[in-house]
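Please keep the viewer open and follow the selections below in order. Each stop says what to select and what is there.

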Amino acid sequence: MIKILEPSPFTYFAREKFFPFFLKLEMDSLPNGTATTTTATPAAPTAPAPAPPSSRLVHLAESLKLEHQFLRVPFEHYKKTIRANHRVVEKEVSAVICGVSEAADSDVSNDDAVHHLSSLVSRLQGLKRKLEEGSRTENLQAQRCRARLDHLESADAENLSDWNNMRLKRILVDYMLRMSYYDTAAKLAESSNIQDLVDIDVFQEAKKVIDALQNKEVAPALVWCTDNKSRLKKSKSKFEFQLRLQEFIELVRAENNLRAITYARKYLAPWGATHMKELQRVMATLAFRSNTECTTYKVLFESKQWDFLVDQFKQEFCKLYGMTLEPLLNIYLQAGLSALKTPYCYEDDCTKEDPLSQESFRKLALPLPYSKQHHSKLVCYITKELMDTENPPQVLPNGYVYSAKALKEMAKKNNDKITCPRTGLVCNYSELVKAYIS
Amino acid sequence: MELDIIKDAFDRISKKQKLSSSKSQEVIDLVGLEVEQALGKFQSAHDPTSPVDQKSVLTDLKLKLNAIGPLHQLEGSQKELNLNLSKYQKLLEKFLNPDISKAYRNVDFDFHIVNQIVAVHFYRQGLFDLGDSLLNEAGEPEATALKSQFLDLHQIIEAVRVRNLEPALKWACTNREKLKQNSSNVELKLHRLQFVEILQKGTRTDALNYARAYLTPFASLHMEEIQKLMACLLWAGRLDRSPYHEMTSPTHWDNLTEELTQEFCSLLGQSYVSPLSVAIAAGVEGLPTLLKLSNVMSAKKQEWLAMKQLPVPVELGKEFQFHSIFVCPVSRDQGSEENPPMLMPCLHVLCKQSIMKLSKSSTRTFKCPYCPAEVSFAQCRQLYF
Ligand SMILES: [Zn+2]
Ligand SMILES: [Zn+2]
């Protein structure tokens with residue numbers, strides 16, 4: 001038997017519309033290695049096979065890898081408490097040692113020595129109480145870290161839908177905390193009993209600073225900077241500088257020039273080495289004052305600078321705790337809408353079950369790319385079920401296609417007569433043909 | 001994911017943390033003890049004949065404290081703890097994706113819209129307080145219309161839960177025409193449940209009266225069903241021991257609740273499942289692929305932002321397939337109005353452009369790429385999915 005070697009169908013058409021590096025990704029996912037074979041084996045392509053049952057679990061394992069923030073945030077919190085507690089102990093113990101040394105090196109009366117040593121004893125007692133309380137907090141936070149690990153572990157095929165519901169709730173709490181909708185966030189966490197799985201207490205810390213900044217107060221933000229000095233320095237954050245600049249601007253606004261200059265010498269000058277340009281710009285406001293019309297300086301006096309500081313703080317805060325800068329909701333929503341978006345979604349007959357049939361979701365998806373398919377995905381117009389090998393597509397004489405299941409059902413009910421629901425055409429069940437779609 | 005490894009690493013941390021805590025306690029106690037002992041020497045020495053040499057007591061104490069080296073001890077235990085802490089963080093970064101926002105496009109994502117979506121999501125789940133609270137806290141306008149509709153739904157469902165069908169029947173009656181257009185027979189199902197309920201708890205006459213009033217209008221379309229129900233009259237009061245005992249099953253109530261919700265949402269023009277849940281679930285499934293893609297594309301940030309279509313497929317489960325998408329197996333192009341799928345006489349399907357190419361613009365016959373059949377363009381016909 002002579003077999004004519006035919007080039008693979010893929011070589012008929014140039015595929016250069018893809019960037020070269022996608023080619024690799026694409027080729028990998030092509031079935032049967034058709035892209036590289038040169039012998040075209042004529043085989044009837046089958047309808048897309050249903051996903052194997054294990055794919056659920058593969059998806060689950062993949063989705064758990066997205067939960068970095070879920071584990072990281074309570075861990076950062078825990079770490080922070082450990083460090084702070086340690087610092088207190090270190091500080092107090094060395095104060096006691098110093099106290100003893102000083103007393104030993106100076107001439108004190110007997111009474112003074114007794115008095116001094118008693119005060120050291122009570123200081124140590126106070127430290128002990130503090131330490132006990134600190135350990136309690138540490139243990140609670142360790143429990144929370146543990147609870148999250150257990151929660152991730154608890155996800156399996158049986159409880160998947162409950163687990164997914166809970167994940168949505170966690171994502172919603174995260175969104176509301178980041179948007180400063182604290183009451184609603186707390187209500188949702190409480191009513192769903194997921195307090196250990198969300199970061200309400202962590203955000204309490206942010207709330208203090210944000211509230212103050214919204215009231216045009218920098219003090220709590222500065223305290224926060226001091227508390228996190230070493231880590232902010234490591235990430236080369238200039239948030240403290242920005243706060244200082246704002247304080248300076250407020251002094252200029254109040255025409256408190258002398259104080260402004262003293263302030264600048266003390267708090268701005270140290271940043272000169274790394275941020276000279278900004279420093280100079282802000283110093284120039286002394287000459288222009290707050291009623292300046294010069295746009296370069298005018299903006300510095302605008303109240304939206306405070307909003308900018310709030311945004312800046314939120315970013316620093318998220319970075320410090322290992323959170324994503326965007327709310328999780330936005331990240332998942334964007335990914336989901338991109339994966340769901342097809343040109344058909346914006347047509348009138350988009351099914352209601354598709355989120356993209358709704359105006360609000362359509363608007364959000366507008367700037368996102370359409371999804372791409374490598375293989376046909378056919379949904380039966382009648383049953384809305386996927387047509388695959390088990391439930392193959394069948395063609396009516398007018399070219400309209402429905403699932404075998406739907407048509408069989410219809411034939412059974414109507415004496416083997418088939419009525420096309422979209423055109424009204426009536427035909428016999430025997431006139432249908434199966435279509436092979438790969 | 002290697003959860004076990006992560007868990008073990010965490011256990012080591014919490015062990016070291018407890019160790020470090022007790023070490024701190026120990027050091028404080030030691031220092032305290034020495035200080036108290038020195039203090040004791042002063043206090044016990046009230047005998048004026050042999051005054052304590054305060055200087056030597058204090059110097060002694062100083063030396064003793066130096067010998068304990070409390071700060072050194074504290075540092076030692078903390079160091080070990082720190083080592084474990086940074087190990088754990090590295091493990092998290094290794095086994096989980098430390099930045100899932102990598103594939104995020106910094107496009108305008110209107111948070112007012114998101115707030116409305118979340119509030120409606122709460123309403124449809126019956127969490128009316130939460131929905132109100134959110135809109136209030138966010139300073140968004142109220143979504144009064146949708147809220148009151150979902151309020152109606154939840155009142156109906158709540159009543160059904162306590163076996164009160166009245167609100168459901170009232171709703172079905174008001175919406176009879178629309179339900180008919182949807183070819184829903186939920187109203188009949190409601191009356192059937194009510195009838196069975198009367199048969200079990202009321203008298204035969206009550207049941208008969210109910211059937212005459214409410215079931216007969218359905219007789220023309222559902223004769224078989226009605227006959228069966230009337231036969232049930234024979235077993236009034238002991239239906240559970242009759243051939244029709246299946247009718248008393250509580251699953252009918254659950255199924256009806258589901259169907260009611262479905263029909264109710266459908267009449268509202270809403271989906272049965274919360275669209276927010278669907279979109280997020282799709283996001284969870286699709287994000288790993290998008291993150292891989294953004295890694296590959298990280299050098300081409302501009303192309304990533306400018307693309308109109310994802311360059312690779314993001315495989316989603318069956319439940320996310322809402323549209324028929326035909327992909328030509330030859331050209332890999334997605335079917336469209338200009339380039340529709342066509343059925344060849346051998347029953348294989350290609351897109352029109354591919355067939356045009358193979359047939360040299362329909363001037364000659366060609367061999368199907370999937371079987372030995374000879375095909376001419378004229379034999380092919382367009383398909384509609
Ligand atoms: Zn759609
Ligand atoms: Zn063929």
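Start by selecting Thr342(A) and showing what surrounds this residue. Beyond its neighbours within four places in sequence, Thr342(A) is in contact with Tyr370(A) and Ser371(A), and also with His323(B) and Ile325(B). Keep in mind throughout that this is a predicted model. Thr342(A) sits in the loop that runs between helix 16 (328-340) and helix 17 (359-365) of chain A. Is Thr342(A) buried or exposed? The relative accessible area of Thr342(A) is 5%, and the cut-off for buried is under 20%, so Thr342(A) counts as buried.

Next, select Leu368(A). This residue is in the loop between helix 17 and strand 1 (378-379) of chain A. Leu368(A) has a relative accessible area of 4% and is buried. Which residues does Leu368(A) touch, not counting those up to four places away in sequence? In chain A they are Gln334(A), Leu337(A), Ser338(A) and Lys341(A); in chain B they are Arg105(B) and Val107(B). Leu368(A) and Ala157(A) are 32 Å apart in space and 211 residues apart in sequence.

Zoom out to chain A as a whole. Chain A has 18 helices and 7 strands. Of its 438 residues, 47% count as buried. Take the contacts in chain A between residues at least 6 apart in sequence: 60% of them join residues at least 24 apart.

Now select two helices of chain A: helix 10 (residues 239-253) and helix 15 (residues 304-320). They pack with their axes 10 Å apart, at an angle of about 160°. Angles over 145 degrees count as roughly antiparallel, and helix 10 and helix 15 of chain A are therefore roughly antiparallel to each other. The crossing of helix 10 of chain A past helix 15 of chain A is left-handed.

Show the side chains where these helices meet. From helix 10 of chain A come Phe239(A), Gln242(A), Leu243(A), Gln246(A) and Glu250(A). They meet residues of helix 15 of chain A, namely Gln305(A), Trp306(A), Phe308(A), Leu309(A), Gln312(A), Phe313(A) and Glu316(A). Colour them by class: this contact has 6 nonpolar, 4 polar and 2 charged residues.

Move on to a sheet in chain A. This open sheet of 3 strands has the order 4-3-7, and its pairing is antiparallel. Which strands of chain A are at the edges? They are strand 4 (401-403) and strand 7 (433-434), each pairing on one side only. Strand 3 (residues 393-395) of chain A runs antiparallel to strand 7 of chain A, and 2 bridges join them. Select Gln394(A) to find Lys434(A) of strand 7 standing opposite.

Finish in chain B. Here an open sheet of 3 strands has the order 2-1-5, with antiparallel pairing. Strand 2 (349-351) and strand 5 (381-382) of chain B each have a single partner strand, so one side of each is left without a neighbour in the sheet. Strand 1 (residues 341-343) of chain B pairs with strand 2 of chain B over 3 bridges, in the antiparallel sense. Last, select Pro341(B): its bridge partner in strand 2 of chain B is Cys351(B).

Methods:
Residues numbered from 1 in each chain as written. Chains lettered and ligands numbered in written order. Predicted model: local features only at pLDDT ≥ 70, side-chain atom pairs only at ≥ 80, totals over all residues. Heavy atoms only, no water. Pairing = 2+ DSSP bridges. Helix = DSSP H or I, 4+ residues; strand = E, 2+ residues; numbered from the N terminus. Axes fitted to C-alpha atoms, helices over the stretch in contact; angles between N-to-C directions. Parallel < 35°, antiparallel > 145°, perpendicular 65-115°, else oblique. Left-handed = near helix turned anticlockwise from the far one by under 90°. Contact = heavy atoms within 4.5 Å. Nonpolar A, V, L, I, M, F, W, Y, C, P; charged D, E, K, R; others polar. Buried < 20%, exposed > 50% of the residue type's maximum accessible area, 1.4 Å probe, protein only.
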